[in-house]
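Please follow the description below with the sequence and the coordinates at hand.

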Amino acid sequence: MVPKDLEGRKFGNYVLIERLGTGGMGAVYLGEHPQIGRKVAIKVISKELAAEDNQAARFIREAKAIVGINHPNVIDVFDFGQTDDGYLYTVMEHLEGKDLASVMRKRVFDANEIWAYLEQICHGLQAAHDQHIIHRDLKPANIFVLDGEKPQIKLLDFGLAKVLKPTDGDE
C-alpha cells in the first residue's frame, strides 16, 4: 500500500499536496508544479506493486493507453515516471467535480440530462475503441462529472483496459 506520508514529496516536477483517494493499485494525490503553479492529479502505486513485473506493466499500459486516446471525454495524461525509491506514478489533469456515483446518490436526472451524460460517455468510449482499447471497468465511480453549468464527462481509470492488437484489414 502507498503510505499516507507522501505529501510534500517531489514526483518528477510536481510536489504532492494531499491525498485525493485510494484504489486497488495505489493512491491519487493532488500535485502542483512549484514554479508555475499548475495543479495535477498524480496516481502513485506502491513500491511493492511497482516491483512486480505484471503490475508495473499494467500501470505503464494504462498510461500509454490513455495518452493514445486524446479525447475531451477521457482524462489526459501528461507525464509518467518512477521515483528513485521505486514508486511508479502518472501525472494527469486535475479535475474539479465529482464522480457520477456521488452525483447519482444526490439527485434524479431527467431524460435530457441522461442523454447529455450518455452521449459524452459513448463519445469517450468510441475514441478508446478507435484506438483498440476496451475500458473493461466502466461504472459510475470511473465516470467524472466536471463542475460547471453544462455537464462535462471524463472517463477515468483505464487500469483494467484491454489493448487489442489490430489485425491486417481491421478498421
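A network of salt bridges links K43, E62 and D157; a salt bridge here is a side-chain nitrogen of Lys or Arg within 4 Å of a carboxyl oxygen of Asp or Glu. The model is a predicted one, in which local features need pLDDT of at least 70 and side-chain atom pairs count only at pLDDT 80 or more, while totals for chains, interfaces and linings use all residues. Residues are numbered from 1 along each chain as its sequence is written, and side-chain values use heavy atoms, with hydrogens and water left out.

By the salt-bridge rule, the count comes to 7. One of the contacts joins D85 to R9, with the closest N and O atoms 3.1 Å apart. Because D85 lies in the loop between β5 and β6 and R9 in the segment before β1, this pair ties together parts that are 76 residues apart in sequence. The element names refer to DSSP runs numbered from the N terminus, with helices being H or I runs of at least four residues and strands being E runs of at least two. D85 is partly exposed at a relative accessible area of 33%, and R9 is also assigned to the partly exposed class, at 26%. The classes are set as follows: buried means under 20% relative accessible area, exposed means over 50%, and partly exposed lies in between, with a 1.4 Å probe and protein chains only.

A salt bridge also connects K39 with E32, where the closest N and O atoms are 3.0 Å apart. K39 has a relative accessible area of 40% and is partly exposed; E32, at 24%, is partly exposed as well. A further contact is the one between the side chains of D137 and K139, with an N to O distance of 3.7 Å. In this pair D137 counts as buried, at 17% relative accessibility, whereas K139 is partly exposed, at 38%.

Y29 has I42 in β4 as its bridge partner.

Another glycine, G24, is found in the loop between β2 (14-22) and β3. G24 is exposed, with a relative accessible area of 81%. G24 and K139 are separated by 115 residues in sequence and by 15 Å in space, C-alpha to C-alpha.

The surface carries patches of two kinds. Patches are made of residues with over 30% relative accessible area and no salt bridge, where like charges are joined within 9 Å and nonpolar side chains (Val, Leu, Ile, Met, Phe, Trp, Tyr) within 5 Å. A positive patch is formed by R61, K64, R136, K162 and K165. Lys and Arg count as positive and Asp and Glu as negative, while His and the chain ends are not counted; the place of a charge is taken as NZ of Lys, CZ of Arg, CG of Asp or CD of Glu. K162 lies in strand β11 (residues 162-163) and is partly exposed, at 40%.

The nonpolar patch consists of I114, W115 and L118, which together have about 320 Å² of accessible area, as given by the Shrake-Rupley method with a 1.4 Å probe and, for residues, only the protein chains shown as cover. I114 is located in helix α4 (residues 111-130) and is partly exposed, with a relative accessible area of 40%.

Finally, the backbone deserves attention. Most residues other than glycine have a negative phi. N70, which is not a glycine, has a positive phi of about 50 degrees. N70 lies in the loop between α2 (53-69) and β5 and is exposed, at 62%. H132 also has a positive phi, near 65 degrees. H132 belongs to the loop between α4 and β8 (133-134), and is partly exposed, with a relative accessible area of 23%.

Methods: Pairing = 2+ DSSP bridges.
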